[in-house]
Amino acid sequence: MTVAQEVEQLYDEVRGCQRCTLARTRTLAVPGEGPLDSEVMFIGEAPGVNEDRQGRPFVGQAGAFLEELLGEAGLTRPEVYICNVLKCRPPGNRDPLPTEIEACSDYLSAQIRLIDPLLIVTLGRYSMSRFFPNQAISRIHGRPREANGRILVPMYHPAAALHQQRLRSVIIDDFRTLPELLERARASRAGGAEPAEEAPPAQQMKLFE
Ligand code: URA
């Protein structure tokens with residue numbers, strides 16, 4: 001099977017997913033979108049009301065701000081891959097539950113394997129904790145780590161930054177570091193760093209010690 005076929009199969013699976021109770025309340029599942037050869041992957045938290053209606057990630061207000069932030073990084077939406085930790089909307093936009101994150105986890109692992117991005121940007125706490133467990137976003141935002149042959153960088157969630165002036169300038173500054181990080185990630189891959197299967201978080205953290 002080609003990567004494109006595998007991705008289509010994955011999207012079909014997500015759209016019909018019954019792994020947790022969010023299947024009962026969602027309108028549409030939101031697998032993710034972007035070119036399969038994207039160098040940069042953005043991982044948000046979960047679909048909101050607009051995403052749930054359209055089946056696409058980051059199409060509401062937070063999405064408009066994300067596009068503005070991409071511009072700060074010299075990137076455009078059509079060239080990046082965007083997805084979420086949860087593929088279905090939690091009712092009332094409540095926080096994701098651990099059981100829901102666990103049920104959805106394999107989908108994100110498959111996306112990372114198939115897209116194989118050089119740079120992963122986590123947006124918000126839930127996305128951060130998959131790669132940086134037990135860390136505080138206020139402390140580690142914008143600080144890149146190299147793991148499994150890619151660069152990972154945690155950022156605040158655009159929805160949080162949208163309405164708080166202080167965070168807004170912080171997230172803009174963090175996004176402005178992306179071009180340099182992408183250059184570093186390209187050089188590292190060209191120098192032979194092999195992307196590895198996603199390691200369990202505990203093992204990943206060892207790489208950073
Ligand atoms: N917030 C997210 O985390 N993801 C979306 O897709 C939209 C808003």
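## Sheet layout

Two strands count as paired if DSSP finds at least two bridges between them. On that basis, the bridge partner of I43 in β3 is T122. Strands (E, at least two residues) and helices (H or I, at least four) are DSSP runs, numbered from the N terminus. The model is predicted: local features need pLDDT of at least 70, side-chain atom pairs count only at pLDDT 80 or more, and totals for chains, interfaces and linings use all residues. Residues are numbered from 1 along each chain as its sequence is written, and side-chain values use heavy atoms, with hydrogens and water left out.

Five strands form an open sheet in the order β2-β1-β3-β5-β4, with mixed pairing. β2 and β4 are the edge strands, each pairing on one side only. From one strand to the next, the twist averages 25°. Angles run from 0 to 180 degrees between N-to-C directions, and axes are lines fitted to C-alpha atoms, for helices over the stretch in contact.

## Strand β1

β1 covers residues 40–44 and is largely enclosed by the rest of the structure, because five of its five residues are buried. Buried means under 20% relative accessible area, exposed over 50%, and partly exposed in between (1.4 Å probe, protein chains only). Both faces of β1 are covered. V40, F42 and G44 lie on one side, M41 and I43 on the other.

β1 runs parallel to β3, joined by four bridges. Four bridges also join β1 to β2 (residues 81–84), again in parallel. I43 stands opposite C83 in β2.

## T122 in β3

T122 sits in β3, which spans residues 119–123. Its relative accessibility is 0%, so T122 counts as buried. Leaving aside neighbours within four places in sequence, T122 is in contact with I43, S127, M128, F131, V153, P154 and M155. Contact here means heavy atoms within 4.5 Å.

β5 (residues 150–155) is mostly covered, with six of its six residues buried. R150, L152 and P154 point one way, while I151, V153 and M155 point the other way. β3 and β5 pair in the parallel sense over five bridges. I120 has L152 of β5 as its bridge partner.

β4 (residues 145–147) runs antiparallel to β5, with three bridges between them. R145 stands opposite L152.

## Helices α4 and α9

Two packed helices are described by the angle between their axes and the distance between the axes. For α4 (residues 61–72) and α9 (residues 165–175), the angle is about 45° and the axes are 8 Å apart. That makes α4 oblique to α9. Angles under 35 degrees count as roughly parallel, over 145 as roughly antiparallel, 65 to 115 as roughly perpendicular and the rest as oblique. The contact uses F65, L66, E68, L69, L70 and E72 of α4, and R168, I171, I172 and F175 of α9. These residues divide into seven nonpolar, no polar and three charged. Ala, Val, Leu, Ile, Met, Phe, Trp, Tyr, Cys and Pro count as nonpolar, Asp, Glu, Lys and Arg as charged, and the others, Gly among them, as polar.

The buried residues of α9 are L167, V170, I171, I172, D174 and F175. They pack against β1, α4, β3, β5, α8 (158–162) and α10 (178–190).
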